[in-house]
Amino acid sequence: EAKVLKVLTLGHSLAVDCGHMLAKVAHAEGYESMVVGTLYYSGCPLVKHVEFLSNNSREYALYVSSTETPDVAPKTMEGVTMQEALTYDYWDVIVMQGGVFDIAREEDYTAGYIQTIQKYVNENKKNPNAPFYWNMTWVPPVDEDLCKTFEADLSNNTYYSRYDEYDHDRSKMYQAVAKCVGDNIMTDETFEKMIPVATVYENALSSYLTEKDMHRDYVHASDLARVMVAYTWFCVLTGVDQLEEIKLDVIPRSLLKTTLGGGSWTLTDAEKAIVLESVNNALKNPLQMTQSQYTTAP
């Protein structure tokens, strides 16, 4: 049978990062057809989705890509409602995620936002059997240079101050996220699977890679990180327990967010090794960082 999968994420820019290279990865891995949709509103927390649903707001943009055009950046439709996104295609999977910092806060999981959104989705999706997945998004960087890309003056940087409760310790926030997801998502039968993107990040950062290798600014993913999270999604969505190799070699400039020179980017063997290790370890231990064996740069 043909391999066909259509996935829609209700999220923000981190969801865009997750889906940006997913069609390219699926194509490299031999999937005949995958459609990747991302309903986007900047920084959108769960409570904002609930607000938008109450008035059928057109504040969203919808990004769509597919394996039919794997080298083309996702097309964008502006002024979209969630209902229109849900009926845009016959989605096989609906992915949800929390706000950038809200993912570490217990109350965001228990306030009823998730249930309200799920009820709306179930009433409007075309595919009655489409399950819910949860995207465990990554912890933002604490690196001061990266944080300054949001606001140069750290003393007035409201984004940077959000880390005060974690003592500006990335691992503390990750542990808070893992506990929230373990206690609330992994025990919730309405979610069929969880995508451990945050854990992939922490696994990679236990190697010689730094936050500047994994982030392009104060929160968003670098191109290398986009490859890692796309492979994580691919495995969870398609039921791959462990990857044997990274088949993606060349990524065209059309899919790159940062400037790497030339008309494309070829993954090195060292980069492939860390992607493979980080993803496989996250699939084995989705709520716990696994120390990398690649601690010295080649």
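**Cavities, pocket, helices and charged pairs in a predicted model**

F52, L53, N56, S57, Y60, T81, M82, Q83 and Y120 line the second largest cavity, a cavity being a set of points, on a 1 Å grid over the protein atoms alone, where a 1.4 Å probe fits but cannot get out, and lining residues being those with an atom within 4 Å of a point. Helix 3 and helix 4 (82-86) are the elements that give two or more residues to this lining, where helices (H or I, at least four residues) and strands (E, at least two) are DSSP runs numbered from the N terminus. The structure is a predicted model, in which local features need pLDDT of at least 70 and side-chain atom pairs count only at pLDDT 80 or more, whereas totals for chains, interfaces and linings use all residues. Residues are numbered from 1 along each chain as its sequence is written, and side-chain values use heavy atoms, with hydrogens and water left out.

The second largest cavity holds about 30 Å³ of space, a volume being the space filled by probe spheres set on grid points that are joined across faces, edges and corners. Its lining divides into 5 nonpolar, 4 polar and no charged residues, with Ala, Val, Leu, Ile, Met, Phe, Trp, Tyr, Cys and Pro counted as nonpolar, Asp, Glu, Lys and Arg as charged, and the others, Gly among them, as polar. A search of the whole structure finds 2 cavities of 30 Å³ or more. The largest cavity contains about 50 Å³ of space and is lined by V16, G19, H20, V36, T38, Y63, V64, S65 and P74; helix 1, strand 2 (33-40) and strand 3 (60-66) are the elements that give two or more residues to that lining. By class, the lining of the largest cavity has 5 nonpolar, 4 polar and no charged residues.

The largest pocket has a volume of about 310 Å³, a pocket being an open set of points with protein on both sides within 12 Å along at least five of seven lines. Of the 16 residues that line this pocket, S42, G43, V100, Y159 and Y218 are the closest to its centre, and the elements that give two or more residues to the lining are helix 1 (13-20) and helix 8 (158-161). The lining of the largest pocket comprises 9 nonpolar, 5 polar and 2 charged residues.

Helix 1 is largely enclosed by the rest of the structure, because 8 of its 8 residues are buried, where buried means under 20% relative accessible area, exposed over 50%, and partly exposed in between (1.4 Å probe, protein chains only). Helix 12 (residues 223-238) is likewise largely enclosed, since 15 of its 16 residues are buried. From its first C-alpha to its last, helix 12 reaches 22 Å, close to the 22 Å expected at 1.5 Å a residue, the expected span being 1.5 Å times one less than the number of residues. Helix 12 is followed by G239, whose phi is positive, near 80 degrees.

Side chains of opposite charge can pair when their charged atoms come close. The structure holds 15 salt bridges, each defined as a side-chain nitrogen of Lys or Arg within 4 Å of a carboxyl oxygen of Asp or Glu. In one of them, E51 and K48 meet at 3.4 Å, N to O, and both residues lie in helix 3 (residues 46-54), 3 residues apart, about one turn of the helix. E51 is partly exposed, with a relative accessible area of 39%, and K48 is also partly exposed, at 23%. K172 pairs with D167, the closest N and O atoms being 2.5 Å apart; K172 is partly exposed at 37%, whereas D167 counts as exposed at 51% relative accessibility. In the salt bridge of D249 with K272, the closest N and O atoms are 2.2 Å apart. This pair links distant parts of the chain, with D249 in the loop between helix 12 and strand 8 (250-252) and K272 in helix 13 (residues 269-284), 23 residues apart. D249 is partly exposed, at 36% relative accessibility, while K272 is buried at 16%. Salt bridges that share partners also join D17, R216 and R226 into one network.

The count of disulfides comes to 0, a disulfide being a pair of cysteine sulfur atoms within 2.5 Å. The sulfur of C18 is 14 Å from the closest cysteine sulfur, in C235, too far for a bond, and C18 is buried at 0% relative accessibility.
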